[in-house]
Amino acid sequence: MTKLLASPLSSLLLAVAFISVITVVRSCSPTDQTALNAFKSSLSEPNLGIFNTWSENTDCCKGWYGISCDPDTGRVTDISLRGESEDAIFQKAGRSGYMSGSIDPAVCDLTALTSFVLADWKGISGEIPPCVTSLASLRILDLAGNRITGEIPTDIGKLTKLGVLNLAENRMSGEIPSSLTSLSELKHLELTENGISGEIPADFGSLKMLSRALLGRNELTGSLPESMSGMDRLADLDLSRNHIEGPIPEWVGNMKVLSLLNLDCNSLTGPIPGSLLNNSGYGVLNLSRNALEGSIPDVFGSTTYFVALDLSHNNLAGRIPDSLSSAKFVGHLDISNNKLCGPIPTGSPFDHLEATSFSANECLCGGPLMKAC
């Protein structure tokens, strides 16, 4: 059998080709490097020196902090800059980061970007460049924990691959754009603690993949749109500290996987739907500080499970349901500041609750209140 031996010339050609491939794989796109330098020029980070790694004389795919590239094309795919991190550079400094400045529109030239995280820096201001909506490959947009102003870009719905949109803890205003409900891949939406106003879009339920909708501490008005009843993947819904009004729809208690529901500090009226309290899937249910009335539905049972149940600061009247003592588990219960009356049931969970859970009612007696009936 003849053994084939590579000639010195062919070996040299193969080596040159291999080196060329490595060079292509690891070389940052000049256009992207220019865009990153413009992006950097609009920001100031004085404490950690993370931009010291962004040297104009080095390849942006080689050691630039927070930058990742596609190994085949050299295009920048990820900007991951978070001001609160467990990264070694933060641990060495012994502090979280602070960054000021604004988001330069040059970031929109990074057309292969799939993840843009510029979060928890506390001092970044200005508006989100509208051209961000042209980044067709973007899957994560996280700008939380800054001082960003302005409105959510009107054409946010163009980001058809977006799975995470987090703009929490900024100073944004305006309404939720109607185009947002066309983000069919969106799984996590967080707009907490801004000044966002207007009603929740009527077709909000079109977000079929959404599992977390955290919209608390804004200026939202109106009622819960009925389209939300078909959101079969929604596990966490926080609308606390808004101006949501009207009754709580019965269908809320029938949502398949909802386990956290915060509706506290709104203007909700009417009775508490029984479906909310006999739903065994809830972990946290907070309806406090509304104007809910009527009695607490007597619908608890052996599958009832609440890590926390807060019905305080409403206008609830009548007795505490005896069936609550048959619940599988109730960790924290607060029914204070209502118009409840009669004896507090005995047994669990009442035997481990403080008097503050029942205070400021009209005529409750017994149990932790140490008040004879």
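Which residues is H188 in contact with, leaving aside its neighbours within four places in sequence? They are G163, V164, L165, L210 and R212, where contact means heavy atoms within 4.5 Å. Keep in mind that this is a predicted model: local features need pLDDT of at least 70, side-chain atom pairs count only at pLDDT 80 or more, and totals for chains, interfaces and linings use all residues. Residues are numbered from 1 along each chain as its sequence is written, and side-chain values use heavy atoms, with hydrogens and water left out.

**Around H188**
- H188 sits in strand β9, which covers residues 188–190.
- H188 is buried, at a relative accessible area of 16%, because buried means under 20% (1.4 Å probe, protein chains only).

**The nonpolar core**
- The largest nonpolar core holds 94 residues, and F39, I79, L81, V107, F116, L118 and F204 touch the most other members.
- Elements giving two or more residues to this core include α2 (30–41), β3 (76–82) and β5 (115–119).
- Beyond its neighbours within four places in sequence, L118 is in contact with residues including F39, L81, M99 and I103.
- A core here is a set of buried Ala, Val, Leu, Ile, Met, Phe, Trp, Tyr and Cys residues joined through side-chain atoms within 4.5 Å.

**The whole chain**
- Of the chain's 373 residues, 49% count as buried.

Technical notes
Buried means under 20% relative accessible area, exposed over 50%, partly exposed in between (1.4 Å probe, protein chains only). Helices (H or I, at least four residues) and strands (E, at least two) are DSSP runs, numbered from the N terminus.
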